Structures are given as C-alpha cells and as structure tokens.
Amino acid sequence: MNTPNNIGTEYGSGFTFPRNSFGKKDLVQYISSKIRSKNPDDICLFHVEGGSGVGKTFLIEAICEELVEFTYLKGDYQINGPSDPYQGIAQLFNSPLRHFTAESNEASIKWMQELKHEFTQDAAYLQVVFPLLKNIFSKDQLDQDLTDKSPQLVQNKVNTVLTRFVKFFIDRSESKLILHIDNIEQADSSSIAFLTYLLRQKVPGLILFLTNGTDNINHPVELSNLISTGVKFADYSHVKLENLTKIQLNDFLDAINVEFENGSNSVESFYNATDGNFRAIKEVLERLYLDKELVYKNDKWQVLSKVQFTQSQDQILAKLLEYKVQTLDEEELKILTLSVCFYPHINVPFIHKITLHHEDDIHDIFQKSVKLGIMIPLGAMDQSKDDALRFTNYDFKDAYVQEYLATLISKNVRAEIHKKIADYYLSGSLLGLQDRDVYQAAYHLNLAIDKGASKDEKRITIELNIKAAKRARMSASFQAALEYAKNALKYLEDFNWKADYELLHELISESCPLAKINNQSKLSTSLYDIAKKELKKEHLIRLELVKLILDIKDGELKKALERGVENIRKSGIRVPKNVNKLDVGLAFVRTKMVLGNKTEEQILSLPELKNEEVKLAFKYFFWVFRTAQYLNPMLNGYLALKKLRLTLKHGINGDSFSGLMAYGVIVGAGTDDYKSAYKYCELGDKIAQKFGNESGEVEFGRAIYKAFKYPLKDTIPYYESARSKSHAAGDFIASAETTINESLTYFSAGYSLHDVLAKVEQNLTYCELLDTTDFIEFQIVFKYQVKELMQLEQDYQEREIKAIINHSQNTMIKGMYGIMEMVKYTFNKNWKKTLQVAQEYESSIQNLTGLYFQTEFTFLRGLAAAMMLKENQNDFKTSDLNKWLKTSIQKITKWSDAVADNHLHRLSILNGVNELSNGDYATLEKGAELAQNGGFNHYAGLSYDILSDYKNQDDYIDHYKKWGMQV
C-alpha cells in the first residue's frame with residue numbers, strides 16, 4: 001500500500017505533517033505576500049506568541065517554505081543548558097559561518113577577507129558571540145582588557161559591533177534573509193538589549209521573526225520594551241496563537257485526511273485528551289501510527305474503533321515516550337541517556353571522545369531515536385566511511401524528552417560524565433582557553449559538584465565560575481555572568497577570609513556589581529556589606545568605583561556624585577564640601593602658579609604617569625565629571641584644575657589632555673583671554689596625540705576649543721567626528737552629548753532656521769535611537785523654541801516643555817531655554833522682557849558646555865541694556881544697564897581681537913546702537929554688513945530692524961526671511 005503524500009516521513013522516520021496541513025493557510029499566505037511585496041530596504045518584525053505546543057515554530061517554517069527565494073536562519077534560546085552569552089544570536093549565524101570558515105573556494109575566501117578587514121579593530125567583541133571566527137584574527141586583536149570599562153559602555157559596544165555584523169551579513173547574502181529567534185522569553189537581558197538596539201538602527205532589509213511562549217518570561221519589562229521598539233521603528237505584525245477549538249480540530253483532521261471509526265464521540269474525547277494543543281495532537285497521532293492503531297484504508301487515515309482517549313495530554317505524551325524507550329536494548333538506552341549530559345552539544349565525535357563508545361554505535365542509536373521521534377538531526381549531513389550520509393549533531397525533540405531521559409541515569413554517573421566534559425574543555429586548544437571553553441567547563445562542573453564535594457573541588461569550581469563570570473561580564477552578558485557568580489557563592493561559607501583572602505576578595509568583587517547590574521538589590525546589599533567588613537582598603541575603593549559607574553548607569557547621578565567625591569577624599573585628595581565660585585577661583589590661581597613659566601616642551605617631556613593610586617583617582621575624576629557637568633558645574637571646574645596640578649606633579653598619560661583643555665576653557669570663559677585659552681587647549685591636544693589618544697572625548701575637546709581661534713562653522717566637522725568615534729566606542733552618553741553642542745553651534749553660526757531645525761530633528765532622532773532621555777529632552781525643548789521663532793505648528797504644548805525643564809537632571813536644558821527666550825524677545829524688540837529673562841536664567845546659563853552659545857547671553861543682554869538706556873525707562877537701575885552694556889562691550893572687544901569672524905559684527909552692532917542717539921547710523925550699518933558677510937542673517941536683519949525706527953527702510957524683512965523667521 002502506498003503512503004499518501006499528506007502524511008510523510010522526514011529523514012526516513014517519524015510521523016510528520018506537511019506545512020499546509022497546519023490549518024493556518026490564510027495566515028501563511030498573508031505573511032508570505034507581505035514579505036514578498038515589501039520594499040527592499042523596509043524593516044519587518046513579526047512577533048508570534050502563544051503557549052507551549054501551539055505551533056509557533058511550525059507556522060514560521062510553513063511561511064518560509066512558501067518563500068523559497070529567501071534563506072531562513074534560526075536561533076534558539078534553550079530552556080535547559082549553559083548560560084552562553086547571546087546564545088540565540090550566535091545560533092542564527094553559526095551554520096553559515098561554519099560554511100564560510102570551512103570552505104576554500106574563491107567566494108568564501110573573499111567573504112572572510114572582507115569580514116576580517118571590516119572588524120579587525122573590534123575582533124574581541126565579535127568573537128565573544130561567534131567563537132568560530134577566532135581563527136581568522138590574531139591573538140593581539142582578540143585580547144582586549146575591558147575590566148575597567150563601564151558595563152553599559154561594553155554593552156553598547158557589543159550592540160554596535162553586532163549590528164554592523166548583521167548589516168554586513170545581509171548586504172553580502174546571495175539571497176534575502178529571514179532571521180528567526182525562538183523562545184525569546186528565555187533570552188538573557190543583553191540579547192534583548194541588542195535586538196532592541198538593532199531595531200532602533202533600522203538596518204535596511206532586516207526581516208525578523210520573534211517567537212515566545214507566555215509562561216516563565218525571564219525579562220518581561222525588557223521584552224515589552226523590545227516589542228514597543230519594533231512597533232515604533234519597524235513594520236510590525238503580531239500573531240497570537242492558541243490551542244485549536246473543536247471546530248478547528250475537525251477542519252485540521254479533514255485537511256490531513258484523518259477520521260475516527262467511532263465518529264464524533266471519539267473526536268470529542270480526542271479533543272479533551274489533547275486540549276486542542278497542536279504538539280499534543282501530533283504526538284498522539286504519532287503514537288497511534290506507531291501502535292498501528294492509525295491505518296490507511298478506504299483512501300483515508302482511520303483511527304481504529306478500539307482506541308479510547310481516557311488519559312490526559314501529559315499522560316499520553318509520557319506513555320508515548322515510555323513506549324518508544326522500551327523498544328531500545330540496554331546498550332542503546334545507555335548511550336541515549338548519557339547523551340543528556342552533553343546537551344546542548346550532542347555531537348557524535350564528542351560523545352565518542354568522552355565515553356569511548358564507538359562512533360558507529362552512537363550514530364546507529366541516534367538514527368534509531370530519530371525514527372522513534374525521540375531526537376531530531378541538526379545541520380548538514382556528513383559522509384561516513386561506508387559512503388552513507390549521516391548527521392553529526394542532534395537535539396532532543398522536546399524539553400520533556402530530555403527531562404524524562406535524565407531520570408533514567410544515576411546521579412553518580414551523570415556527575416562523572418560532567419567532570420570528564422569539564423576536563424575536556426579545560427584542556428584548551430592550540431589557541432588557548434577560549435570563552436566558550438570556559439563557559440562549557442563551568443556549566444558541566446557545576447552539574448558535577450555539590451556541597452558534599454572536597455574543598456579542593458569547591459575551590460576549582462569557584463575559580464572556574466569567577467573566570468566564566470568575568471568573561472561573560474566583559475561580553476556584556478550580565479545575566480549569564482551572575483549565574484556563574486551565584487554558583488561560586490554557594491561555597492562562600494566553606495572558606496575562611498584569613499586563609500583564602502585572594503579567592504574570596506575576587507569572588508565578592510566580581511559578584512557584588514553583577515547583582516546590582518541585574519537589579520538584585522537584596523543580594524547586592526548583602527555582598528556589599530561583606531565587602532565593607534572584609535576587603536582591604538585598596539580593593540574596596542576599586543569596588544566603590546564600579547558601584548559609582550553602575551549608579552550612573554541606573555540614572556542615580558546624585559548618588560554617584562556623592563560616592564565619587566567621598567572616595568576621591570579617601571584617596572587623600574582634598575575637595576571642599578560645597579564647591580563655589582570662590583573655590584574655583586582659588587583653584588585656578590593655584591593651578592596658574594604651578595604652571596608658572598613652564599614651556600610647552602617642558603610639559604610635553606614630563607615623565608609618564610606610573611603612580612597607581614593617582615591613576616585610580618583619575619578614573620574617579622572621569623566618572624565624577626560625567627555627573628558634575630549636569631549637577632554641579634563648579635565642582636567639575638574645581639576637579640579639572642585639581643587633575644591638572646596632579647598631572648604636573650606625577651606625570652602625563654593619554655588621559656592628561658583633559659586637565660589642560662579644561663584649564664584652557666576656564667581661561668577663555670573666565671578671563672576672556674581666548675589666545676591663551678587656545679594655547680593651553682592645543683597643548684592638551686598635543687599630549688593626547690603623543691600617547692595616540694584619538695578618542696571621541698579628544699575630538700569633542702577640539703570642537704570646543706577651535707572656536708577660540710576659527711570660525712564657528714569650521715568646528716562642525718569636529719562634532720560630527722566626536723559623535724562617530726564615541727558611538728563606535730560604545731560611549732553613547734558622550735556621543736549624545738555632542739549633539740547638544742552641535743545643535744547649539746548650528747544656531748549660533750548663523751545657519752538658517754530651516755537648517756537648524758533639520759539638524760535638531762536629526763540629532764533628536766539619533767538620541768532617540770540611543771534612548772538617552774536627558775539628551776532627547778534637550779533636543780525636544782530646543783526644537784520647540786526654534787519652531788516658535790519660525791511660527792510653525794508645534795509637536796508639544798508649552799506646559800509639556802515647562803515640565804521637562806522643571807524635572808530634568810540635565811541643567812543645560814534650563815540654560816539653553818533661557819538664552820532662546822532672550823533670542824525670542826530680542827527679535828520682538830521687547831528689551832524689558834529680554835533683561836528679565838536674563839536675570840532669571842543667568843546662573844543656569846553658566847552650566848552650558850556650548851561656550852559660544854553662552855556668549856549669546858552677553859551680547860543679547862548688552863544689546864537690550866543699550867536699547868533700554870535710550871528709552872529712558874524706570875524698570876531697571878541706570879547703573880545696572882550701564883554695567884551690563886559696559887561688560888558686554890569689554891568682553892566682545894576681547895573676543896573680536898582673538899576671532900573676528902565670530903564676534904566683530906556683534907561689537908559693531910553694540911557700538912552702533914550706542915551712537916544712534918547722536919544720529920550716527922554708520923557703525924550700526926557696518927555691523928549689519930559684517931553680519932551679512934559672515935552669514936549671520938539674523939543679526940543683519942536685527943540691525944536693519946533697529947535702524948528702521950530711525951530711517952524709512954525695511955531691509956530687515958528680507959534678512960529675516962532668509963534666516964527663516966516669520967515677520
């Protein structure tokens with residue numbers, strides 16, 4: 001009798017269904033047509049969720065069978081298995097990567113050469129996820145110490161490298177790709193963070209399927225954020241699958257040509273037994289097929305009338321599995337149960353090496369298990385000695401199969417096998433011990449060792465888990481890292497702090513921050529209490545640095561600032577309790593005295609910094625700067641000067657540039673001596689170059705100090721470069737910060753409001769892609785005020801903007817808002833309101849890192865004061881108005897002497913307004929001409945607007961229109 005096509009066999013075994021029998025034909029065709037009709041660069045996210053066994057994976061495989069022109073890649077997060085970082089992401093590409101690394105044809109060689117060229121600088125990050133690639137990079141490229149980097153920075157860097165890799169893969173694929181990640185609910189938080197970032201980056205042509213169950217979701221908040229990101233940045237489709245209804249079950253049975261001899265009563269009991277669960281239906285029909293109770297006769301598959309469905313779904317599945325296992329002999333069952341210990345790497349040659357069972361015997365039992373529906377083969381088939389094609393890698397058909405087989409092997413036998421596997425991984429290779437070797441060894445040793453083990457075995461287990469935790473942390477897989485740390489912490493009480501200090505200090509120092517990163521506050525607190533009690537001072541202060549970094553990551557800026565300053569004091573460096581302007585002034589004087597008459601050559605030839613305590617202090621300085629610039633700018637200036645004095649005393653290194661650049665900026669902003677400011681900043685730049693520091697921080701410093709000598713528009717490329725470099729390094733906070741100064745510089749440099757708005761919108765989108773809240777809010781407020789000048793329809797209401805200003809920790813928002821309010825009232829010629837805003841926001845404006853934008857305040861207040869003096873008003877003291885005007889002229893005179901391109905038109909406008917009462921219009925007209933020639937149409941228009949009150953002319957209207965302001 002011929003078997004009909006609708007029920008076939010796969011690999012010559014098992015009872016399988018054709019995809020079109022799934023009962024979701026319309027859904028399959030809808031999604032398939034949607035993918036086919038999309039534009040090549042469109043991004044698609046398909047989210048399929050439902051309980052266990054409802055057919056999620058089956059649905060996607062059915063869709064991909066329709067899309068024959070696409071290549072389908074699948075990654076899976078395993079429920080039972082080692083905590084490999086980025087497990088599902090790695091699985092996505094492992095199969096094609098094996099092909100490219102193994103093949104020696106021209107296309108594969110070219111692909112690998114391009115990959116090596118593209119990722120040479122980031123090899124260490126890439127091989128974390130894809131250890132297969134370790135052979136194409138040199139050891140120097142793979143070895144990078146990430147220990148002192150912020151966990152968030154490492155996560156960001158991994159995200160950027162993996163995103164580039166996905167784009168690289170998609171761009172070079174011969175066919176279009178469909179990426180499917182299964183069991184996403186089991187994914188670690190780092191994997192979810194990467195996928196969220198990937199969607200935000202809008203990689204052209206990305207088609208991503210995510211499938212998840214509805215129970216035991218590891219990270220519900222992060223998963224929800226991932227889906228929300230997909231809704232916002234991709235063409236998003238959601239499918240919720242549930243168990244079949246009775247009607248759907250009938251339709252399904254009709255589709256696969258199955259009927260029950262007992263009629264509707266048997267169908268009813270069949271439904272009750274399976275609960276309409278798709279997997280259970282398949283398994284039960286498979287059992288009936290194997291029991292020869294499902295037979296083909298009269299052109300139909302018929303379930304014999306003697307069959308009674310009186311058991312539950314779980315009982316039926318357990319009985320089916322038991323039935324299959326009973327068909328194996330003793331030796332076959334032994335090999336099959338031992339394979340449980342090798343999961344998820346059930347590899348025939350590997351099992352042979354560990355157990356010494358013959359490879360042919362292992363192949364035979366695995367192929368038999370496939371036919372029984374116990375196992376499934378993975379990957380490509382290999383040629384055996386007898387020219388037969390057979391598989392090398394296998395997996396269990398389902399988790400319950402693995403769990404059942406584990407009950408058939410004794411605890412002692414399992415422990416012995418796991419020890420042998422751990423020893424194998426620890427033996428390493430010619431390239432040394434790789435990350436995956438450490439993870440696998442730790443995983444298997446943890447399964448072999450328990451509280452009853454010897455102290456030496458526990459010590460080895462602790463050391464191995466610490467090593468695995470460190471490597472996982474350095475790859476930003478923080479959840480996996482904590483799991484390894486917890487496995488080591490189980491034996492903490494078995495050791496003595498006095499006798500085993502080095503081991504325990506390393507364990508606590510690694511575990512404490514990992515608990516905080518994973519939001520396990522109770523564990524973090526208890527470990528930190530142990531640290532404060534047991535750790536030596538030098539070890540505790542390093543742990544405190546990590547906690548400071550994590551406070552910043554969690555947005556606890558005030559807490560981080562307090563922790564940082566406290567530990568700087570503990571290192572013997574004096575910091576006043578409440579730093580004020582006087583403290584900064586005195587620090588500046590002391591620094592100036594230390595600098596003395598030192599020449600550039602003397603400073604550049606200072607010895608290299610070697611003092612480890614000072615190096616550690618400088619690390620604290622770096623992270624305190626990150627918070628102080630938003631919360632306490634005076635403290636920021638004080639510490640920058642302190643750092644410069646320590647540098648001059650102890651020596652220089654690649655990070656010493658910041659002290660001199662900060663000193664130069666303080667000279668420029670505090671004394672208006674732009675020429676000296678430029679000299680010191682440039683010297684800091686030369687120190688950075690001497691030590692090969694071409695980071696985004698250095699480039700950002702260049703963007704700021706170049707405005708002391710060159711036209712503002714010339715500084716824009718430095719901001720672009722700083723953002724790019726910081727982003728590539730994973731420092732998203734720094735890269736987002738550059739967008740603030742770039743937006744402000746676009747405005748101050750005289751670009752049209754249309755260009756300014758376009759740049760602000762571009763920067764806002766960038767900050768949204770990075771999810772950097774404070775910088776998003778800055779761009780939102782700035783965009784609101786630019787659109788207000790243009791009288792365009794707003795995206796936000798005024799009360800929403802005020803709410804941002806009032807609650808944001810980023811004090812620069814308030815300063816920027818104050819200046820833009822002054823701009824608005826200046827161009828309305830409401831001089832009184834301009835001065836009132838100046839008084840209200842003066843202290844906040846000092847917080848701006850956009851130094852040139854800060855100078856707008858000086859000019860606008862001086863101009864408003866000059867105009868008010870002419871109007872003989874009584875709202876302000878004449879002495880105050882004269883003081884503000886005099887201060888503005890003095891400052892802008894100095895600035896104009898240093899860099900006329902940026903300031904001379906302002907000086908002429910101020911002097912010209914002063915001379916209006918004498919009937920002399922020439923100076924103001926000259927100011928308007930200078931502004932026009934320099935590209936400052938707004939100030940040319942303002943000058944002519946003021947002149948229009950004295951002369952019958954309307955030249956200002958054209959200039960305002962060119963600028964983009966509605967008249």
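Me: Let contact mean heavy atoms within 4.5 Å. In this predicted model, which residues does Asp 395 touch, not counting residues up to four places away in sequence?
Reply: The model is predicted, and Asp 395 lies in strand β13, which covers residues 389–396. Leaving out residues up to four places away in sequence, the residues that Asp 395 touches are Tyr 343, Ile 346, Met 375, Ile 376 and Leu 378.

Me: How far from Asp 395 is the nearest side chain of opposite charge?
Reply: Asp 395 is buried yet has no salt bridge. A salt bridge requires a side-chain nitrogen of Lys or Arg within 4 Å of a carboxyl oxygen of Asp or Glu. For Asp 395 the nearest side chain of opposite charge is that of Lys 74, at a distance of 8.0 Å.

Me: Which helices each supply at least two residues of the negative patch?
Reply: The patch of negative charge lies on the surface and gathers Asp 329, Glu 330, Glu 331, Asp 361 and Asp 364. Asp 361 has its place in helix α16, and its relative accessibility of 42% makes it partly exposed. The helices that each supply at least two residues of this patch are α14 (330–338) and α16 (359–371).

Me: How many residues apart are Arg 164 and Glu 118?
Reply: The side chains of Arg 164 and Glu 118 meet in a salt bridge of 3.6 Å, N to O. This pair links distant parts of the chain, with Arg 164 in helix α7 (residues 151–172) and Glu 118 in helix α4 (residues 106–119). Arg 164 is partly exposed because its relative accessibility is 28%, and Glu 118 is likewise partly exposed, at 36%. The separation of the two is 46 residues.

Me: Are Glu 544 and Arg 563 buried or exposed?
Reply: A salt bridge joins the side chains of Glu 544 and Arg 563 at 2.7 Å, N to O. Glu 544 lies in helix α24 (residues 537–553) and Arg 563 in helix α25 (residues 557–570), so the pair ties together parts that are 19 residues apart in sequence. As for accessibility, both Glu 544 and Arg 563 are buried.

Me: Why does Lys 824 count as buried, and what is its relative accessibility?
Reply: Lys 824 forms a salt bridge with Glu 821, and their closest N and O atoms are 3.2 Å apart. The two are separated by about one helical turn because they stand three residues apart in helix α38 (residues 811–827). Glu 821 counts as buried at 8% relative accessibility. Buried means under 20% relative accessible area, and Lys 824 counts as buried because its value is 16%.

Me: How far apart do the centres of the positive and negative side chains lie in the protein chain?
Reply: The C-alpha trace of the chain spans about 115 × 70 × 55 Å along its principal axes. The chain has 116 positive and 128 negative side chains. The centres of these two sets are separated by 6 Å.

Me: What share of the residues in the protein chain is buried?
Reply: The secondary structure comes to 45 helices and 13 strands. Of the 967 residues, the buried share is 56%.

Methods. Residues numbered from 1 in each chain as written. Predicted model: local features only at pLDDT ≥ 70, side-chain atom pairs only at ≥ 80, totals over all residues. Heavy atoms only, no water. Patch = residues over 30% accessible without salt bridge, like charges linked within 9 Å, V, L, I, M, F, W, Y side chains within 5 Å. Areas by Shrake-Rupley, 256 points an atom, 1.4 Å probe, with all protein chains shown as cover. Lys, Arg positive; Asp, Glu negative; His and termini not counted. Charge placed at Lys NZ, Arg CZ, Asp CG, Glu CD. Helix = DSSP H or I, 4+ residues; strand = E, 2+ residues; numbered from the N terminus. Buried < 20%, exposed > 50% of the residue type's maximum accessible area, 1.4 Å probe, protein only.
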